[in-house]
Every structure is written in structure tokens, then in C-alpha cells.
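Work through the exercises below with the sequence and the structure side by side, and try each task before you read its solution.

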Amino acid sequence: MEKIGKIAVIGDSESVTAFMAIGATVQKVSDEYQAADVLRKLAKTDEYAVILVTENYAAKMDALMQKLKEQPYPAVLAIPSANGSNGFGMAGIKRDVEKAVGVDILFD
């Protein structure tokens, strides 16, 4: 039987606290440097299948996010923060889809 990994969420306290209700591991951080350190640490384990990072931090560590996306696990995704979306997550999805299929099928 295949092991099912956990979900981790990295972001500011206001944005990530609600994820504790679904059993996710919540990592509250105060800046992008701390977020990057936590992301590297979590990605090195085989414990997490999905790591969500709030867009406000993900946008500031795009190179690290892209490097981790080259690996099959964990899936590293940007999500809106409690303050809303800055568009970084959707831009990443657009970029990933274009890379996978060779053309933009989501937007014109």
C-alpha cells in the first residue's frame, strides 16, 4: 500500500491558522527568509505530499519554488493569503500548463 503524505502550509499566522482544522501542518512565519528556510526543511523530508505557501511569500522566493517544482514530490503550490491574491499563484499555474502542453489553454 502506498504511503499518503501530509499537507503543510507556510505563511503568516492570519492566513494559515484555519488549515489546522483540516489536519495540515501549519508553519507560521514572519518574512520570506523564514518561509524559505521552512520550505527547504519540509521539502527535504518525505513526510509531505503537498506544501502550500501563501503568495505574499511565494512571490519573493520564486526561484526556490521553481527548483522544487522540478521534483515529483512534494507538490509546492502558491495560495492566496488572508489579504487576497496578488496573482502569483495563477501566473504559476498558467506557466506550468504552458510548459506541459506547449500552449496557453487557460487564458488568451
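Predicted model: local features only at pLDDT ≥ 70, side-chain atom pairs only at ≥ 80, totals over all residues.

**Exercise 1.** Find out whether the span of helix 2 agrees with its number of residues.

Solution. Begin with the count, which is 13 residues, and take 1.5 Å a residue, so that the helix should span 18 Å. Then compare this with the end C-alpha atoms of helix 2, which lie 18 Å apart, so the two values agree.

**Exercise 2.** Decide how the buried residues of helix 2 are placed around its axis.

Solution. First list the buried residues, which are Glu32, Ala35, Ala36, Val38, Leu39, Leu42 and Ala43. These residues cover an arc of only 165° around the axis, and therefore they sit on the same side of helix 2. Next turn to the face directed away from this buried side, where the exposed residues Tyr33, Lys41 and Lys44 are found. Finally, ask what covers the buried residues: the covering elements include strand 1, strand 3 and helix 4.

**Exercise 3.** Determine whether Thr54 is buried or exposed, and identify what surrounds this residue.

Solution. Locate Thr54 in strand 3. Its relative accessible area is 0%, and because buried means under 20%, Thr54 counts as buried. Now look at the contacts: leaving out residues up to four places away in sequence, Thr54 touches Ile10, Gly11, Asp12, Ser15, Val16, Ile79, Pro80 and Ser81.

Conventions: Residues numbered from 1 in each chain as written. Heavy atoms only, no water. Helix = DSSP H or I, 4+ residues; strand = E, 2+ residues; numbered from the N terminus. Buried < 20%, exposed > 50% of the residue type's maximum accessible area, 1.4 Å probe, protein only. Contact = heavy atoms within 4.5 Å. Expected span 1.5 Å × (residues − 1). Arc of directions from axis to C-beta.
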